[in-house]
Structure formats: structure tokens, C-alpha cells
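Here are my notes on this one, written as numbered points. Keep the structure open beside you and find each spot as you read.

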Amino acid sequence: MERWFRLRLRLVGVLFLAAFVVVVGRAYYLQVRNGDVWQKRAEQQFQRAVPLAPQRGTIFDRNGEEMAVSLENDSIYADPGRLKDIAETARQLAQALDLKAADLQKKLSGPRGFVWVKRRVTPAESERVKALGLAGVGFIKEHKRYYPNAEIGAQLIGFTGLDPQGLEGVELAYDQYLLGDGGYLLMEQDALGRGMTAGNNVVREGDLGHSLYLTIDRNLQFLVEKELAAQVRAMRARAGTVVLLDPATGRVLAMASQPDYNPNAFWKYKPEQWRNRAICDSFEPGSTFKIFLIAAALEQGVVKKNQTIYCENGKFRVGGRTINDHKPYKNLTVPEILKVSSNIGTAKIAKSLERERFHHYIERFGFGAPTGIDLPGEAVGLVRNPSQWFEIDLAAISFGQGISVTPMQLAAATAAIANGGTLMRPYLVEKIVDSHGQVVRQQTPTAVRRVVSRETADLVREMMAAVTETGGTGTLAAVPGFRVAGKTGTAQKVDPVTGGYSVDKRVSSFVGFVPVEDPKLVMVVMLDEPQEQTYGGLVAAPIFSRIATPALIHLGISPTAPRQESPLPPVIEARNLVPLAPLIEPAPGGEGPGRMPDLTGMSYRQVLQVMERTGLNIRLEGSGRVVEQVPRYGEPIRYDSEVRVRLASSS
């Protein structure tokens, strides 16, 4: 029995020892190994973390001038559990902050222990609330995005929301770099979520986001926007765009769109004003596209520089349609075709090049694909497969109709001619720098591919220089002290009612670079639906001159040519497929007053004007624009037959 007693005593001792080891081990695990985890869980029982908006990095121009900054502002919050009189507090706060008292009272009466009253208030609003001395109302510093230059560079820089995530432009494209780590506000609370202390809240700061250095020059950006806005107003245009590139590197020096907006109050403007038209809008380039056709034809050897082409005395039938030049030409050399902007000459060159090779070079110049610029929302335009081209399509595309491009694509392709034949990727952000001043990312010029040889590019460059000289279509683009290379364009817009080309809506454009010998600036100017004039040589070319003249001085580029007098007015460039003012052609055999003109797309008033000019008695049905006509275009009008048109609205 004594032995059995000692055995049981030892067994109990071992069990107690084992239990003690387990308890100690568990205590060690909880308090030492996982102490931090349980400490945080304990804090969560009586602390609440309110996330604060992170501070975004600064956006600078190429010279270090601020384009977007983050400024400290007071944000006002309330602890409803500590408010003495919710209704009276709501009334006073609403009056000081220009809020609705009923909405604020409803918010303060909710079950939450923390409520934002108003975030990022103005200094005046903050002072008014502080003067009230309300218990349960607190202040915290948050950062608000501010654009010190207002409208300058608005579409390319973009703006942010309240969070503040980037919503447009560079702010959106580089949001992951600009957006830092947000801090948070720690508040002590009881089990019901009510605040337990007054004024002892702790703010833990976040990390500042990276800063960006852009390729644009703020002074050039201001100059471009000023001149573009002035011309849009003068021509009563619907919109306008200018792109300024460094052809050797692809750096964007300036990029502007009209109408513009102020990103500090973006919500007051229409969303269409936020849009960066240089990359988001596509249009038919018109005669500016001829330089790429001629470059392709020279590269392939289907034409020679001094080759003469017969231009049919101003009218040429292709695929059942008539192509017109602005005046009758007989024999023109290739440089002369570009200089006077002959549609017939370029159509014949395109026929020699044929569809597959022309389409190949269109793609080589970057049309129909994104340029790769570091901005969101880039459009690619429209380039149809050559298998879908009819004979008239080949001719029309040769002078820039039946194809659509973006201003940025047009600028990049023109830069390839200017720099000797290499397509460069355009870019907007030069480098990214962290909060300690260390370069995180550096962009360098990127050559996409060689499009044409240097010899071909040099030939086309000299041909484009003749366009801005006496007898060319772009003489108003001249810059004193420099030789300018360029090309004008005027393209008809598609009418949404008829599906054909509009008779009165145009896109006027000019592309060019300066100086010809060593191009430093490539510029694309586009005006949408100008009212006072429509030809690119009269509307867009002067903008080039007014921007390039001071821009070259600003960049320190010395004159390369003798200073010339004011340029002569330009030669009016060739019309496109649909005649601007259709006239009656004689009917065969004299059996009627003539052939039916093309009235498609005309308004009621324009049809009446045709009736007055031609003496035709036309019966009009409906309202809007002409969608049907009897007889059809080109058919003879008989004295004993009815002549009528039917009009319909876009709705």
C-alpha cells in the first residue's frame, strides 16, 4: 500500500508538472511569440483608425516649374457622442460651411462614432468653425490637389477626385507613382463606438508620393494655348488642337485643346471639355496626308523627283466619281503637285503605288495604331484593310479622305519626315523622382522603326518647304528668318444624317516643321468646323507662324535664312470629292435644263440657293438635310419630269 501510495503521488506530480509546462508554454506563445498580434487586437477594441487621403507628388514642367501641387487644408469631423445639441450644432456648422442643415443633422444623428462634416475646407471656412468652439468637432490636416496655372495644360495634366485618385490625363496615367501611402487618425472609443477622450486623437502620417518632371515647357504651353484660343474665337470654330513635338526625340513640348477648362473646378465644366483632343479625337487629315503618299512613292521608286504627271486640266474620273482640282493643271512635277496640292496628281501617284504598298506605308508611318504616348484614352483612328478599297477609295485616301487619324499620330508621322525617316515614340514624362530626390524612372527617346530612307525624307522635306514659299498653299505659315516646311489640309466632315460628306462642315489643318535644314519643332494645327474661312492655308497656317516665331526665340535657335517680308496670301488648295458649289451640267440633246446636281446633305436654305443660281424648280419635302433626290445626281433633267428632294433631321 505504501508503494502504491508513492506511485500515485508521483503520477499526480508528473501531471501537475505537465500542466504547468503547458500553461507556461501557452503563456510564452501568447505573450512573447504573438504578443504584437494580441496587442493590436486589444487596441482595436478601444481604438478606431480613420484613413486619411494620401499626399500626391508634385508635377513639374521640364524647367522645374510647378504644374500640380498638394496643399494642406483643414478637414472637419465630428464625434456625435460628444455633441451637446445635435440640431444646434448642425445649424451652426451648416451656416459656417454653406451646407444644408437638415442633411447635416441627419448625418450627425446616425449611429457612427465618427462623421466627416466637410473635407478640405478653405482657410476662411476653417476659421469660422474654429470661432464657434463646438465640443465634439475636430480638425485634421489633409492635402488637396491644386493647379497653380489654372487652364494651362489642363487636358494633358488632368485632375483628381476627393480620394484623391487621378481621374484624367497624367494624374490618371501615373496615379500609382503620384499617389503616396495615406496616414490615418486614431480615435479611442468604448465598446459601443463612442469617443472616450477629448482632443487626444493621434495622427499617423503617410508617405509622400513620387514627383513627375514633364517634357513640356510651361511657357510654350501658355503660348500655344493663347494663340489657339484666339484663332478658335476669330474663326468661330467648334474646337481646335495644337501638338508641338521635338522631332529628334519625340518629346512633347506643348499640347493644347480648345475649348479648355480649369482643373481646380473641373465639375463646373462639361466632360467634353476635359477631353484631350490631341489623342482622343480622330479626323480625316485631308491634303496633309499627301506628304506620306509621296514619301512612300519615292521610297518605292514608282515616281521620281522631277517626273511630270498630267493632271487632266482640273477634272478626272475615277471609279465613277469626278475628282476636281481648284484650277486646271496640265503637266506638274511631283514637287509641284505637293506645292499646289493637286488631288488629281496625288490620285495618279497612288494608282502607281497601288493599294497594298500604300497601305503598308500608312501603317509604317504609325497610322491605325496607338503612338504609345504615356496618356490614357488614346484613339487609333481608322485605316481600312486594302482588300476593302475600291478604285475611288485609293484615290480618296491619297488626299486624306476615307481615313481618320489623331493629331498626335499626324505629328509623330511628320516628325519622321523631319528627322530623316525614323518614327519616334512620343512621350510626356521625362523622369520620376521619389520623396528623397532619387530618380525612380528615367524615360529616354525610343525609335519605333525606320519608315523611309534619309534620302527620301530629305526630298520630301524640300518639297514641303516649297509649300510655304511663293505660289504654295501654306505661305501664311512663314517664320521670319527661317525656312519652313509644311502642308495644308482641308477635309470635309461626314454628315451623320446622310452618311456622306457634309457640304459646309470642314476640318482645317496644317502640319509643318522649322527650320528646314535642322528641324527643332514639329507642329500640327487643327481647327474643327471654322466658320469664317475653311481652307487650312488661311485658318491653320497662321497659327503655326504665330507660335513658331516666339517659340524659336524662347528655345534659343538662331535664324538660318534672310528675314523676309510678310508672305503673300496662299494658293487655295484643291477641293475634295463633293463640289463646294455644284453647277448644272448640260443635258445631252438639249432635252432639258441640264443634269441633276448633287444636293445630298444640303440644308433647306442651301437647296434654295442652288435653285436661285441654276433656275431649277425643285419641290422640297420635309426638313433638315437632303437624304434623297429625284433625279439622282448626274442624271438628265427632263422638262416633263418631276424634280424633288426629301429632307430629314438627324433625329
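1. Let's begin with Arg238. This is a predicted model, and in it Arg238 comes out as partly exposed, at 49% relative accessibility. The cut-off for exposed is over 50%, so Arg238 stays in the middle class.

2. Who is the partner of Arg238? Arg238 makes a salt bridge with Asp528, and their closest N and O atoms are 2.7 Å apart. Asp528 sits in strand E21 (residues 521-528), while Arg238 is in the loop between helix H9 (218-235) and strand E9 (239-245), so this pair ties together parts that are 290 residues apart in sequence. Asp528 is buried, with a relative accessible area of 8%.

3. How many salt bridges does a search of the whole structure find? The count is 26. Another one links Arg483 and Glu462, with 3.1 Å between the closest N and O atoms. Here Glu462 belongs to helix H18 (454-467) and Arg483 to the loop between H18 and strand E19 (485-494), so the parts they tie together are 21 residues apart in sequence. Arg483 is partly exposed at 25%, and Glu462 is partly exposed too, at 39%.

4. Some salt bridges share partners: Arg56, Arg145, Glu171 and Asp175 are joined into one network that way.

5. Lys351 has a relative accessible area of 43%, which makes it partly exposed, and Glu354 is partly exposed at 32%.

6. Now go to helix H1, which covers residues 2-33. Its 32 residues reach 45 Å from the first C-alpha to the last, close to the 46 Å expected at 1.5 Å a residue. Is H1 well covered or hardly covered? Hardly covered: the count of buried residues among its 32 is zero.

7. Last stop, the second largest pocket. Its volume is about 470 Å³, and 21 residues line it. Arg120, Lys144, Gly161, Leu162 and Trp267 are the ones nearest its centre. Strand E3 (66-78) and strand E5 (137-146) are the elements that give two or more residues to the lining, and E5 gives the most, with four.

8. What kinds of residues make up the lining of that pocket? They divide into nine nonpolar, six polar and six charged.

Notes
Residues numbered from 1 in each chain as written. Predicted model: local features only at pLDDT ≥ 70, side-chain atom pairs only at ≥ 80, totals over all residues. Heavy atoms only, no water. Expected span 1.5 Å × (residues − 1). Buried < 20%, exposed > 50% of the residue type's maximum accessible area, 1.4 Å probe, protein only. 1 Å grid on protein atoms, 1.4 Å probe; cavity = no way out; pocket = protein on both sides within 12 Å on 5 of 7 lines; lining within 4 Å. Points joined across faces, edges and corners; volume = space filled by probe spheres on them. Nonpolar A, V, L, I, M, F, W, Y, C, P; charged D, E, K, R; others polar. Salt bridge = Lys/Arg side-chain N within 4 Å of Asp/Glu carboxyl O.
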